Amino acid sequence: MSTRFHKRRFHDELDHLQARLLEMAGMAEELVRRSVEAFLNRNGEALRAVKKEDRRIDQLEIELDERVVALIALHQPVASDLRQVLTTTKLANDIERVGDHAHNIAKAAKRLAKDQPLREIPELAELSVLSQRMLRDALASFSARDANLAREVCARDDRVDEMKAAVQKILVAVMAEEPGTVGAALEYVRVAQQLERIGDLSTNISEEVVFLVEGRSIKHQPVEQITSHSS
């Protein structure tokens, strides 16, 4: 087998790997959207479909892991090719965890449907928008290999943390004023935590994108240092 054919086959398999990863990412993004919508609308019927899609994401992660192992064993990639293969595994794991959090939100929606209605909490809706935008842009930065967009996503994580804290503070006050809403309020607290974790995973994905594109890690760096390197 010629070296040229070997390289072409490797890159064809790498392209297929990325296509499957992007498919998985799209499924996770849609799952978050549907779960959040179900929670905000107190729709407990969405859980079954969300659970089914989460299992598909789990299966895709297993498939991608197996393909990565085979790719390394058969082609022994080095340098940037190896970086791309290894990044695939890390991103697949992060995306699978996003699916898990979406599933948890859908379960909260089902439980919430049985509780006394809670007054509208606009801050939770804002938190859901922020975390979903982080996820969307983190995945877009991977698809486009856009390190600058990835850095910008990382810079938003503090805002998501602040909004989660604000939501929790509001809910503590609601529970104190209206004891009958404790059950519902606790579901809101849990969902705020899930949304914050989706933001964290979006940051992880973005950090991996920077590593993939530039070959250096920005993990655990201050936001000012991360953004100062964007061009």
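At what angle do helix 4 (residues 122–144) and helix 5 (residues 147–155) pack, and how far apart are their axes? The legends below take this pair first and then move on to other close-ups of this predicted model.

**View 1. Helix 4 against helix 5.** The two helices pack at an angle of about 155°, and their axes lie 8 Å apart. Angles over 145° count as roughly antiparallel, so helix 4 is roughly antiparallel to helix 5. Helix 4 passes helix 5 in a left-handed crossing. On the helix 4 side, look for Met-134, Asp-137, Ala-138, Ala-140 and Ser-141; helix 5 brings Leu-149, Ala-150 and Val-153 to the contact. By class, these residues are 6 nonpolar, 1 polar and 1 charged.

**View 2. Helix 4 against helix 6.** Here helix 4 meets helix 6 (residues 157–177), again at an angle of about 155°, with the axes 9 Å apart. That makes helix 4 roughly antiparallel to helix 6, and the crossing is left-handed.

**View 3. Helix 4 from end to end.** Just after helix 4, Arg-145 takes a positive phi of about 55°.

View 4. Val-85 sits in helix 3. Is Val-85 buried or exposed? Its relative accessible area is 0%, so Val-85 is buried. Apart from neighbours within four places in sequence, Val-85 is in contact with Phe-10, Leu-14, Val-68, Leu-71, Ile-72 and Pro-77. As a landmark for scale, Gly-183 is 98 residues from Val-85 in sequence and 45 Å from it in space, C-alpha to C-alpha.

**View 5. His-101 and its contacts.** His-101 also belongs to helix 3 (residues 79–112). With a relative accessible area of 12%, His-101 is buried. Beyond neighbours within four places in sequence, the contacts of His-101 are Gln-194, Arg-197, Ile-198 and Leu-201.

Note on methods:
Residues are numbered from 1 along each chain as its sequence is written. This is a predicted model: local features need pLDDT of at least 70, side-chain atom pairs count only at pLDDT 80 or more; totals for chains, interfaces and linings use all residues. Side-chain values use heavy atoms; hydrogens and water are left out. Axes are lines fitted to C-alpha atoms, for helices over the stretch in contact, and angles run from 0 to 180 degrees between N-to-C directions. Helices (H or I, at least four residues) and strands (E, at least two) are DSSP runs, numbered from the N terminus. Angles under 35 degrees count as roughly parallel, over 145 as roughly antiparallel, 65 to 115 as roughly perpendicular and the rest as oblique. A crossing is left-handed if the near helix is turned anticlockwise from the far one by less than a right angle, and right-handed if clockwise. Contact means heavy atoms within 4.5 Å. Ala, Val, Leu, Ile, Met, Phe, Trp, Tyr, Cys and Pro count as nonpolar, Asp, Glu, Lys and Arg as charged, and the others, Gly among them, as polar. Buried means under 20% relative accessible area, exposed over 50%, partly exposed in between (1.4 Å probe, protein chains only).
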